[in-house]
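Biologist: Hello! I would like a close look at a single part of this protein, please.

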Amino acid sequence: MTAIAQAFSRYLPPKVVTNDDLSKLMETSDEWIQKRTGIKERRFVEAPTTTSDLAVEAAKGTLEQLEGKPVDAIIAATLSPDFDFPGIGVLVQTKLGLPEIPAFDIRNQCSGFLYSLELAKALVLQKQYERILVVGAEVHSTGIDLTSRGRDIAVLFGDGAGTCVVSAEEHASSRIPALRLLQSEMHSDGAHASKLWCQHIGSAHFPTRVTQELLDEAKCFPTMEGKKVFEHAVKRMVEVSHSVLAKEGIPASKVRLVVPHQANLRINTMVGDALGVPGDRLFNTIERYGNTTAATIPIGLSHALMEVPLHPEDYILSCAFGSGFTWGATLMQVV
Ligand SMILES: CC(C)(COP(=O)(O)OP(=O)(O)OC[C@H]1O[C@@H](n2cnc3c(N)ncnc32)[C@H](O)[C@@H]1OP(=O)(O)O)[C@@H](O)C(=O)NCCC(=O)NCCS
């Protein structure tokens with residue numbers, strides 16, 4: 001028995017924010033952003049839309065494809081929950097009107113969706129659950145410093161959500177092609193935690209987590225050592241991709257499509273080059289959505305599975321790298 005991921009769906013908030021829009025808020029330019037990152041525009045929520053709202057809108061598209069078959073667990077990945085606690089899993093459960101099924105929350109940032117697939121696959125193959133709703137969702141726009149001080153990070157991120165359902169089945173019933181989950185590998189190295197993190201607010205701060213200094217000095221925003229993150233991202237995504245391909249015993253030339261995490265177009269081009277995968281077999285959405293962290297891969301797969309001509313047995317590879325550091329790759333095959 002294998003595990004499949006099916007019924008991919010996405011939701012992007014309607015408000016489009018272009019690079020020119022950002023250049024009215026901070027010292028940046030469309031030229032700089034496109035040249036250094038590939039991003040042309042991204043989506044931002046408007047009040048009162050939250051991360052769980054985006055997740056729910058995407059999940060409706062997934063559940064609708066299941067034609068009444070129930071899900072019996074939720075795994076939800078985000079670094080931008082509606083509240084410090086509880087996580088978004090329980091909010092998604094109640095907003096969708098689902099019964100009192102378990103809701104797991106995953107905190108692995110840009111690798112969060114692949115980590116969630118890994119967990120979902122193990123749980124369905126173990127027969128602990130039959131059909132797991134897997135969610136990747138983020139609202140970054142209210143958590144970044146949209147001034148010149150935060151421009152290195154602010155121009156990169158956008159809001160959005162993607163979902164699918166994982167089950168232990170041979171055949172899919174969803175309208176959108178399903179993916180068999182083959183080889184996968186996840187990693188972490190917390191020694192690099194401070195290279196990309198949101199240090200405040202957290203329990204490492206005394207005597208209280210929120211201080212006036214924190215607010216005055218804008219210490220509540222994420223910080224990043226961009227060049228170091230870039231170098232590690234390329235190295236690790238290439239390494240882990242080679243590793244899952246070797247486990248399956250296939251060369252990269254056999255992969256029909258790579259649907260990687262979307263942090264920087266230059267990162268993905270370098271990963272493609274190192275793997276020997278040409279641009280027409282690399283599926284990117286960063287130009288229109290920026291980096292939506294845990295949501296990039298399900299959003300990318302929901303587009304790719306509808307828009308790219310695919311055949312049963314075609315191999316699809318996803319790889320991700322992010323804060324932690326965490327990274328991983330999952331090799332899939334069209335059902
Ligand atoms: C962030 C990133 C795009 C910056 O690109 P870079 O080529 O490394 O640019 P640098 O950080 O060296 O900055 C170059 C210059 O541009 C400036 N700059 C930074 N952000 C800018 C912006 N938004 N607009 C204009 N100029 C900017 C810098 O201040 C610097 O100026 P200086 O040379 O006068 O000091 C790149 O490092 C990156 O993509 N890193 C990885 C990001 C990532 O993957 N994050 C998420 C992981 S999942």
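Biologist: Which domains give residues to the shell around the ligand, and where does the ligand lie? Please walk me through that part in one go.

Modeller: Happy to! Keep in mind that this is a predicted model. Let us start with the layout: the protein chain is split into domain 1, covering 4–167, and domain 2, covering 179–334. Both domain 1 and domain 2 contribute residues to the shell around the ligand, so the ligand lies between them.

Now to the shell itself. There are 20 residues around the ligand, and those that come nearest are Thr28, Arg151, Gly226, Ala263 and Asn264. Helix 2 (30–37), helix 6, helix 8 (226–248) and strand 12 (315–322) are the elements that each give two or more residues to this shell. Helix 8 gives the most, with 5 residues. By type, the shell holds 10 nonpolar, 6 polar and 4 charged residues.

The C-alpha centres of domain 1 and domain 2 are 14 Å apart, and 45 residues of domain 1 are in contact with 41 residues of domain 2. On the side of domain 1 that touches domain 2, the elements supplying at least two residues each include strand 1 (4–11), helix 5 (112–125) and helix 6 (151–154). Helix 5 provides the largest share of that side, 7 residues. In type, that side of domain 1 divides into 19 nonpolar, 14 polar and 12 charged residues.

Key: Residues numbered from 1 in each chain as written. Predicted model: local features only at pLDDT ≥ 70, side-chain atom pairs only at ≥ 80, totals over all residues. Domains from an automatic or database assignment. Contact = placed C-beta atoms within 7 Å. Helix = DSSP H or I, 4+ residues; strand = E, 2+ residues; numbered from the N terminus. Nonpolar A, V, L, I, M, F, W, Y, C, P; charged D, E, K, R; others polar. Near = placed C-beta within 6 Å.
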